[in-house]
Amino acid sequence: MDFSVPAELVALKERTEDFVREQIIPLENDRRLHAHGPSEDFRDALVALGRRAGLLSPHVGTEWGGLGLDHRGKAVVFEAAGYSPLGPIAMNCFAPDEANMHLLEQVAEERQKEEWLRPLAAGDIRSCFMMTEPAPGAGADPSMLLTTARRASNAPGSDFVIDGTKWLITGAVGADLAIIMAKNESDPLGPAGATMFLTPMSAPGIHIERVLDTLDQYMSGGHAVVRLDGLRVPESAVLGRVGEGFRYAQARLAPARLTHCMRWLGAARRAHDIATDYARRRTAFGKPLGEHEGVGFMLADNEMDLHTSRLVIWHTAWVLDNGERGRHESSIAKVICSEAIWRVVDRSMQILGGLGITDDTIVARIFREVRPFRIYDGPSEVHRWSIAQRVLRTGGTS
């Protein structure tokens, strides 16, 4: 298992750190950041900075306009980008676009890549991924999918008509592309199961009903409820093969879980750095806060959680780079990292005391961002259940 970091990747990491520190952190209090994410003009301005710095879409292949990093490379660069919550937006490697680009690169036909992947990688458009539904539909259990895709007729090559409601759809407002998951159990021309479709968000039949108010505020377009009412899409809009949607979803989710871990590790490191600096400078009861064991032990626990998270991320990245599916490893990483990152940020807030609950530092905002990470892309409890099932079947990874 090779964890060495090539010199060129070290240089890219340092460029990313300089970029975030010098150009992105000064913009964190920009008034164009709203409760439902950055405004479109702010997002465009951030992407323009990333483009000018030569740091756009580090995860995408060079033939499509990216930097062509493998998963281990992403682990290093995404953590550096995540040191500011605005960093991944500026570098065009934030959710859901980053995972959607990965999915398109792996599954889409060449014409679909030209139409959608290339402008996504260039930062010219945004996308959303429509799988989650309100109860009793699909959530952590995708098999509960209720959105349907039926053939308009029994003629070969006929269109699909999609109906259903999607919920918590990140980035739907302002997106140009939607990747829609729908079940096609009654398709007379293909296998039963679920299918993914590519469609413009401007297509008739897509209705954004409302934008949800949520804890987080850094994902462009916020999180919306979307109604699909007689949405008609041609057969050419199918991503991959009819009936293979669940398989493609897993191919998307394993790397996506991991890249979330990478980015939020950077944010947790930022909170820890702020808390450490404060513990050095702030005095109480005759000495710096950090010299009190209660505070010093929290800093030590932070350091251990950050180190453990980084190691599990790098190991899972190595597994993926070696061609494995990595479902088990990515589940382990998701639980360890989401919970460790939360602990780091929570302790950092505690060390800061009253300052920590204000927006005078970014720690309170990071606190709001990382709490949902224990829920999206699979709640910790679902991943623990999945890990346990594998252990019972195979004995796990040891």
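Predicted model: local features only at pLDDT ≥ 70, side-chain atom pairs only at ≥ 80, totals over all residues.

Modeller: Residues are numbered from 1 along each chain as its sequence is written, and side-chain values use heavy atoms, with hydrogens and water left out.

Colleague: How is a pair of aromatic rings described?

Modeller: A pair of aromatic rings is described by the distance of the centres and the angle of the planes. Rings of Phe, Tyr and Trp (its six-membered ring) pair if their centres lie within 6.5 Å, and planes under 30 degrees apart count as stacked, over 60 as edge-to-face and the rest as tilted. By this rule the count comes to 4 aromatic pairs. One of them joins phenylalanine 94 and tryptophan 264, edge-to-face, at 6.1 Å centre to centre with 75° between the planes.

Colleague: Are phenylalanine 94 and tryptophan 264 buried or exposed?

Modeller: Buried means under 20% relative accessible area, exposed over 50%, and partly exposed in between (1.4 Å probe, protein chains only). Phenylalanine 94 is buried at 7%, and tryptophan 264 is buried at 3%.

Colleague: Which arrangement do tryptophan 342 and phenylalanine 367 adopt?

Modeller: Their ring centres are 4.7 Å apart and their planes stand at 45°, so the pair is tilted. Tryptophan 342 is buried at 17%, whereas phenylalanine 367 is partly exposed at 23%.

Colleague: Where does the charged end of arginine 371 sit?

Modeller: A charge sits over a ring if NZ of Lys or CZ of Arg is within 6 Å of the ring centre and within 35 degrees of the ring normal. The charged end of arginine 371 sits over the ring of tryptophan 342, 5.8 Å from its centre.
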